[in-house]
Amino acid sequence: MLDLESAPVVGKGLHRVCYGHPQDERLCVKVLLPLQSKTPLIEAEREVKYYRFLEKRNVPWTMLPAFYGEIATNRGPGYLFDLVRDDDGCVSQPLTYYLSSPRETAAHGEALSRAFDALQTYLLQWKIITMTIKAKNILYQRLGKSEGRLVIVDNIGNSDLIPICNYVDFMAERKIRRKWRRFEAMLVKEYPQNDLVQRKFGRSGDRKSVV
């Protein structure tokens with residue numbers, strides 16, 4: 001059993017907390033918070049099932065952290081994933097960190113803009129379905145002074161009762177495009193003072209979709 005008592009917390013959501021693996025700095029362990037309902041468990045099982053589905057399709061783990069299975073911990077069942085780190089070894093910050101700071105947005109604006117385009121292309125190319133795309137569930141992994149990529153670390157999977165989109169490409173693309181448009185609209189609403197967001201995703205001006 002893996003003891004997480006002294007493991008650092010590297011992320012926390014409504015239903016799960018993510019610890020740095022105490023014995024392997026390359027990994028993190030997601031553990032469910034005390035359950036108030038069955039919903040978090042259902043979501044975790046759905047995510048695992050979808051990751052297994054992606055593994056069979058040989059999806060490259062460039063903008064998703066690879067999944068390495070389950071492990072027993074002193075805080076309940078844990079789920080092992082890559083721990084996303086920047087090129088300097090520090091744990092990558094969420095996209096919200098960069099979009100909430102004019103200084104960080106200015107410093108990484110061009111790289112972030114390219115990273116947005118690359119993430120959308122990645123999702124469409126590999127037909128990867130997400131629940132809801134949110135900035136807080138995306139990390140910006142700095143790969144150099146002027147380069148980086150966005151990595152979705154939560155809300156992966158398809159909740160459709162009959163997941164046809166998992167097997168029919170054109171339906172998957174429609175769903176992905178729809179969810180991406182909602183993501184754009186959410187960013188525009190949440191970051192009204194962010195020039196990068198408004199310039200890239202605002203509905204006025206000369207904005208052009210990359211799809």
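A salt bridge is here a side-chain nitrogen of Lys or Arg within 4 Å of a carboxyl oxygen of Asp or Glu. All views show a predicted model.

**Figure 1. Salt bridge between arginine 114 and glutamate 147.** Arginine 114 belongs to helix α3 and glutamate 147 to strand β8, so the contact ties together parts that are 33 residues apart in sequence. Arginine 114 is partly exposed, its relative accessible area being 36%. Glutamate 147 is likewise partly exposed, at 37% relative accessibility. Under the criterion used, the structure contains ten salt bridges.

**Figure 2. Salt bridge between glutamate 47 and arginine 16, and the network around it.** The closest N and O atoms of glutamate 47 and arginine 16 are 2.8 Å apart. Because glutamate 47 lies in helix α1 and arginine 16 in strand β2 (residues 16-20), the pair ties together parts that are 31 residues apart in sequence. Glutamate 47 counts as buried, with 3% relative accessibility. Arginine 16 is also buried, at 14% relative accessibility. A network of salt bridges links Arg16, Lys30, Glu47 and Asp154.

**Figure 3. Lysine 30 over the ring of phenylalanine 81, and the aromatic cluster.** Lysine 30, a member of the salt-bridge network with Arg16, Glu47 and Asp154, lies over the face of phenylalanine 81 at 4.6 Å from the ring centre. Phe81 in turn forms one aromatic cluster with Tyr51, Trp61 and Phe67.

**Figure 4. Edge-to-face pair of phenylalanine 53 and tyrosine 167.** Eleven aromatic pairs are found in a search of the whole structure. In the pair shown, phenylalanine 53 and tyrosine 167 have ring centres 5.5 Å apart and planes at 75°. Phenylalanine 53 is in helix α1 (residues 39-56) and tyrosine 167 in the loop between β8 and α4, so the pair ties together parts that are 114 residues apart in sequence. Phenylalanine 53 is buried, with a relative accessible area of 16%. Tyrosine 167, by contrast, counts as exposed at 60% relative accessibility.

**Figure 5. Tilted pair of phenylalanine 116 and phenylalanine 183.** The two rings lie 6.3 Å apart, centre to centre, with 50° between their planes. Distant parts of the chain are linked by this pair: phenylalanine 116 is in helix α3 (residues 102-125) and phenylalanine 183 in helix α4, 67 residues apart. Both phenylalanine 116 and phenylalanine 183 are buried.

**Figure 6. Salt bridge between lysine 175 and aspartate 160.** The side chains of lysine 175 and aspartate 160 meet at 3.3 Å, N to O. Lysine 175 is in helix α4 and aspartate 160 in the loop between β8 and α4, so the pair ties together parts that are 15 residues apart in sequence. Lysine 175 is buried, with a relative accessible area of 10%. Aspartate 160 counts as partly exposed, at 29% relative accessibility.

**Figure 7. Nonpolar surface patch of Leu161, Ile162 and Ile164.** These three residues make a patch of about 370 Å². Isoleucine 162 is located in the loop between β8 (147-152) and α4 (169-190). Isoleucine 162 counts as exposed, because its relative accessibility is 63% and exposed residues are those over 50%.

Note on methods. Residues numbered from 1 in each chain as written. Predicted model: local features only at pLDDT ≥ 70, side-chain atom pairs only at ≥ 80, totals over all residues. Heavy atoms only, no water. Patch = residues over 30% accessible without salt bridge, like charges linked within 9 Å, V, L, I, M, F, W, Y side chains within 5 Å. Areas by Shrake-Rupley, 256 points an atom, 1.4 Å probe, with all protein chains shown as cover. Helix = DSSP H or I, 4+ residues; strand = E, 2+ residues; numbered from the N terminus. Buried < 20%, exposed > 50% of the residue type's maximum accessible area, 1.4 Å probe, protein only. Phe/Tyr/Trp six-rings, centres within 6.5 Å; stacked < 30°, edge-to-face > 60°. Lys NZ or Arg CZ within 6 Å of the ring centre and 35° of its normal.
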